[in-house]
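Hi,

Here's the structure I promised to pass on.

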Amino acid sequence: MMPSTQDWTDTWINCPLGVVEGMFAASQNNPDSGWEAKVVEFFKEQLKQKDAHTWVPSMNDVPLHYLKPNSLVKFRCLIQDMFDPEFYMGVYETVDLSTKTKILRCGKYKDVTECGVDFNPRNTVTAERQTFYCVPIPGENSWVKESYAGSSQARVVPSTSYVPSRQKRSYEEDDDMDTQPQKQREPHAGPQSPTEHHGNGDCKRQETEAPSSQTASASHLDLNFPLPGEKGPSCLVKVYEDWDSFKLNDTLEVYGILSVSPALSALADEKDASSSIVDPTEYMETVEEQRVHSPPASLVPRLHMLYARPLPHNNPLLPCATLQDNSTFLSSTLCEMASVRAELLTYFTHVLLGDALAAEYLILHLISNVYTRRDVLPLGKFTLNLSGCPTASSYPERLYQILQQLVPSSYYLGMSLQNMNQMRLVPKKDYVANRLVSGALQLARNTSLFLDETQLEQGQLDTTGVRNVTALGNVISWQKVDYDFNYHQMEFPCNINVLIASEGRSLLPSDCQIHLQTQVTPEHMDEYLSSIHVHPQASSQLNKFRLYLSVARLLDYSISDEVTKSVEDDFVDMRKDDPQSISAEDLHRMLVVARLLSLSLGQTSLSRDSWLRAKHMEALRSGRMEQHKCVNGNEP
């Protein structure tokens, strides 16, 4: 019999440390009880119950001052940086000064110990934990955030018993911060600088401590979001078990105990003050490192991880379980995929100014995914260059806004000369502050990156610009970003869907180019585009498209021996008359198109019909490109 909702939330959501301390106390009579594993298992089991996860407040949705300290919260995030391991008192004794009674205490999942600690090493157990710096998933679109927030059943009310002490510092920090022009954060950042200070007066979290006038602008701390203009909390996540199983840029939903003790900020201030008077050779951390690793808890809270769920996607319309574990959902969705695809094709044909073939390729691009790597070659990627894009009525920006409504995470990068020469696309290690300074290419898997090459103008790329263009080329060709560690580069694999909108052929590489054949004249463009935007009452139609695109990307795929033999025979036949007519690269692209076409129809294996249809699509596209090449002799 499940207890009432109120009892249920009180026991493990509102007071998780009570559960931890109860299991710790019970273990004192049985040292081999394995109480730490039992704690983790307890919370995992609670979260498996129907809708249990919706009762846990989310740091993504709820302003920090509405969250109860030391309660269980969740955070949907990306691991932006990994700090060095730290030591803490796992077990320690406190002494009651009046009675001289000694009590054994548990220090796990806490930042601050109780008063009266007896530092007798006989009973003190030092343990190790790892710290991850986590940020909200970069580029997560508003429909995703609203949907997650709408499904939450957590009840959070600000309590006068704990708000003022925490709120006070947060707001004071923000007031100080507002006196500093944000562009001072990085003088040459240009578009990298966030466009707004704060979107919501209740949760001002755009930047932490403002520097004094004597402090160099590079040394003070921002929240290190990969994309400019991002809002939301960042968090120091304390990890106690299996931290080697996590990687930089992993996306997680972390369930943990929230720690926002004002004592953390006081300790940081003390360290800051003491470091200025001690011998620098005796002090391990620089001032810059202290600011990064010990920011005010009111702005960068601590989250002590109990459990983390890897996120294969961040589409709130899909069930939490994998598709394979949810056969009922999968079978019902597969039955509808062909019909939803037909509706989406009609919609994209309209969006792409009447070009049905380009609409077909856009669907294939949006469901593409790096499913494996063979040596250095990423398989499954499908970067699409949509050339022939009109610039009238800001068409590329309008196209991006439409795609934003369909994909969970995306980022628009206008490839103007200023952006290319000033933006930081590649993350860079700051050895003084001992942190990884984020760049715009530090993105979660399956993020849609929209490159608007129509913004290019005449001019000279400087060293930064050349480096940025090279980085974009590496993402497209190899699905990797080479992070800058000053004396060397470190390669990090990625899985980013890149769509390039250009007038002529892109200066960047691509897996497939299709030239847009518009049926709309420039003078009618505004009127035509205004009719495209989906109205709010059609959100159910949008949700069908959103679900379809995410499911198609997650499906498994295979090719039978029989179809493989048929494809090989076709390739031999195509090369018989003219060996130059089709290359191995052309065959590879056809196979990628055939794979994506099958998945777009809800088919998990390649059929002969899908193969023939893919060949036909490629023939139409190649014919169009040849025709365009003849008309524009200078077009490569």
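Together β16 and β17 make a hairpin with 4 residues between them. In that turn, Asn 486 has a positive phi of about 65°. Keep in mind that this is a predicted model.

Next, the open sheet. It is built from 5 strands in the order β12-β15-β18-β11-β19, with parallel pairing. At the edges sit β12 (410-414) and β19 (512-515), each pairing on one side only. Neighbouring strands here are turned by 15° against each other on average, direction ignored. Between β11 (residues 384-387) and β19 you'll find 4 bridges, and Leu 384 stands opposite Cys 512 there. Helix α10 (residues 395-404) lies across β11, β12, β15 and β18, and runs at about 175° to β15 (448-452).

Last one: helix α14, residues 539-554. Its 16 residues reach 23 Å from first C-alpha to last, close to the 22 Å expected at 1.5 Å a residue. Its buried residues include Leu 542, Phe 545, Leu 547, Tyr 548 and Val 551, and also Arg 546 and Arg 553. So what covers them? Among the elements doing so are α4 (142-151), α8 (327-351), α9 (356-366) and α16 (584-600), plus β18 (497-501), a strand that also belongs to the open sheet.

Cheers

Methods:
Residues are numbered from 1 along each chain as its sequence is written. This is a predicted model: local features need pLDDT of at least 70, side-chain atom pairs count only at pLDDT 80 or more; totals for chains, interfaces and linings use all residues. Side-chain values use heavy atoms; hydrogens and water are left out. Two strands pair if DSSP finds at least two bridges between them. Helices (H or I, at least four residues) and strands (E, at least two) are DSSP runs, numbered from the N terminus. The expected span of a helix is 1.5 Å times one less than its number of residues. Buried means under 20% relative accessible area, exposed over 50%, partly exposed in between (1.4 Å probe, protein chains only). Contact means heavy atoms within 4.5 Å. Axes are lines fitted to C-alpha atoms, for helices over the stretch in contact, and angles run from 0 to 180 degrees between N-to-C directions.
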